[in-house]
Amino acid sequence: MKIKTLIVDDEPHAIEIIEKYVENFPEIDLVSKCNNAIQAFQVLQQHKIDLIFLDIKMPGLLGTDFIRSLKNPPKIIFTTAYQDYALEGFDLNAVDYLLKPIPFDRFLKAIDKVFALYKVSSQKISIAERPAEQASDVFLYLRVERKMVKVNVNDIYWIESLKDYIKVVLKDKVLISKQKISLLEELLPEEKFMRIHRSFIVATHKIESYHAYSVEVLGIELPIGRNYKTECHKRLKSN
């Protein structure tokens, strides 16, 4: 069985990311890509669609309102940069709700749910078997001003919370993105990053030295919070 699929997003770069992920699954047939709900409605009139990857905040008509307008909507995976719509998304019986930037392993979990619903015998790749380019280089896409910026997680030194924003420190530049640090923590590979403070996540392999109350990265001391001290020291001693 081929799962007939549609991608709807007003950001071309976001479409490109999902399309690249979908290419890993021979069970998924990407029928079309649309920039808004009106185009998507036209595709649904012409093709039988089983699954839509749907952005929520689009010009003209919200993705959630678009789904409400359909008498028999396909299965939906919402893809959005805004967590505020999560409850509403699941009220609409969404299969999953993916927060941008979407890492491949999180996308894989959503596809697992779809395959279970359609009882598809999956030939999908596992995280360990992902293509060489993906295995060594895991990427995130961060919203920086009006663009989605591709970041290799191996280039990240630390992330700092700035209330509703985060500061992502790379070797040669700093990116500011409107996102909660707790959300980014869920997207980062757990084996490569460590929360050391309510305001700091550090790449463990970038730590140059440490003592009881701080770690040093790029010659800068970052504090270890009281509630994170025991776990931090345990991981640092094991590395």
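Modeller: Two strands are said to pair if DSSP finds at least two bridges between them. With that in mind, and remembering that this is a predicted model, we can begin with Thr79, whose bridge partner in β5 is Leu98.

Biologist: What makes β4 and β5 a pair of strands?

Modeller: Four bridges join β4 to β5, and these strands run parallel.

Biologist: Why would a crossover be called right-handed?

Modeller: You look with the strands pointing away from you, and the name applies if the path from the first strand over the helix to the second runs clockwise. Here the chain crosses from β3 through α3 to β4, and this β-α-β crossover is right-handed.

Biologist: What makes strand β4 mostly covered?

Modeller: Of the six residues in β4, which spans residues 75-80, five are buried. To be buried, a residue must have a relative accessible area under 20%.

Biologist: How do you know that Ala40 counts as buried?

Modeller: Ala40 has a relative accessibility of 0%, and because this is under 20%, Ala40 counts as buried. The residue lies in helix α2, residues 37-46. Leaving out residues up to four places away in sequence, Ala40 touches Leu6, Val8, Cys34 and Phe66. The C-alpha atoms of Ala40 and Phe66 are 9.2 Å apart in space, although 26 residues separate the two in sequence.

Biologist: What makes a group of residues a nonpolar core?

Modeller: In soluble globular proteins, nonpolar side chains tend to be buried together. The largest nonpolar core in this model has 24 residues, and the members that touch the most others are Phe25, Phe53, Ile77, Phe107 and Ile111. Two or more residues come from each of β1, α1, β3 and α5, and α5 gives the most, with seven residues. If neighbours within four places in sequence are set aside, the contacts of Ile77 include Leu51, Phe53, Val95, Leu98 and Val114. There is also a second, separate core of 20 residues, and among its members are Ile156, Ile166, Leu170 and Ala203.

Biologist: How do you know that the buried residues of α8 line one face of the helix?

Modeller: In α8, residues 229-238, the buried residues are Cys232, His233, Arg235 and Leu236. Seen down the helix axis, these buried residues fall within an arc of 165 degrees, so they line one face of α8. On the other side of the helix, Thr230, Lys234, Lys237 and Ser238 are exposed. The buried residues pack against β11, β13 and β14.

Biologist: Why is the contact between Lys4 and Asp29 called a salt bridge?

Modeller: The closest N and O atoms of Lys4 and Asp29 are 2.7 Å apart, and because the limit is 4 Å, the pair qualifies. Lys4 lies in strand β1 and Asp29 in strand β2, so the pair ties together parts that are 25 residues apart in sequence. Lys4, at 31% relative accessibility, counts as partly exposed, and Asp29, at 26%, counts as partly exposed as well.

Biologist: How many salt bridges are found in the whole structure?

Modeller: The search finds eleven salt bridges. One of the pairs is Lys167 with Glu160, whose closest N and O atoms are 3.2 Å apart. Lys167 is partly exposed, with a relative accessible area of 24%, while Glu160 is buried, because its 18% is under the 20% limit.

Biologist: What makes Asp55 and Lys100 a salt bridge, and are these residues buried or exposed?

Modeller: Their closest N and O atoms are 3.7 Å apart, which is within the 4 Å limit. Asp55, at 3% relative accessibility, counts as buried, and Lys100, at 8%, counts as buried too. Salt bridges that share partners join Asp9, Asp55 and Lys100 into one network.

Definitions and conventions. Residues are numbered from 1 along each chain as its sequence is written. This is a predicted model: local features need pLDDT of at least 70, side-chain atom pairs count only at pLDDT 80 or more; totals for chains, interfaces and linings use all residues. Side-chain values use heavy atoms; hydrogens and water are left out. Buried means under 20% relative accessible area, exposed over 50%, partly exposed in between (1.4 Å probe, protein chains only). The arc is that of the directions from the helix axis to the C-beta atoms. Contact means heavy atoms within 4.5 Å. A nonpolar core is a set of buried Ala, Val, Leu, Ile, Met, Phe, Trp, Tyr and Cys residues joined through side-chain atoms within 4.5 Å. A salt bridge is a side-chain nitrogen of Lys or Arg within 4 Å of a carboxyl oxygen of Asp or Glu.
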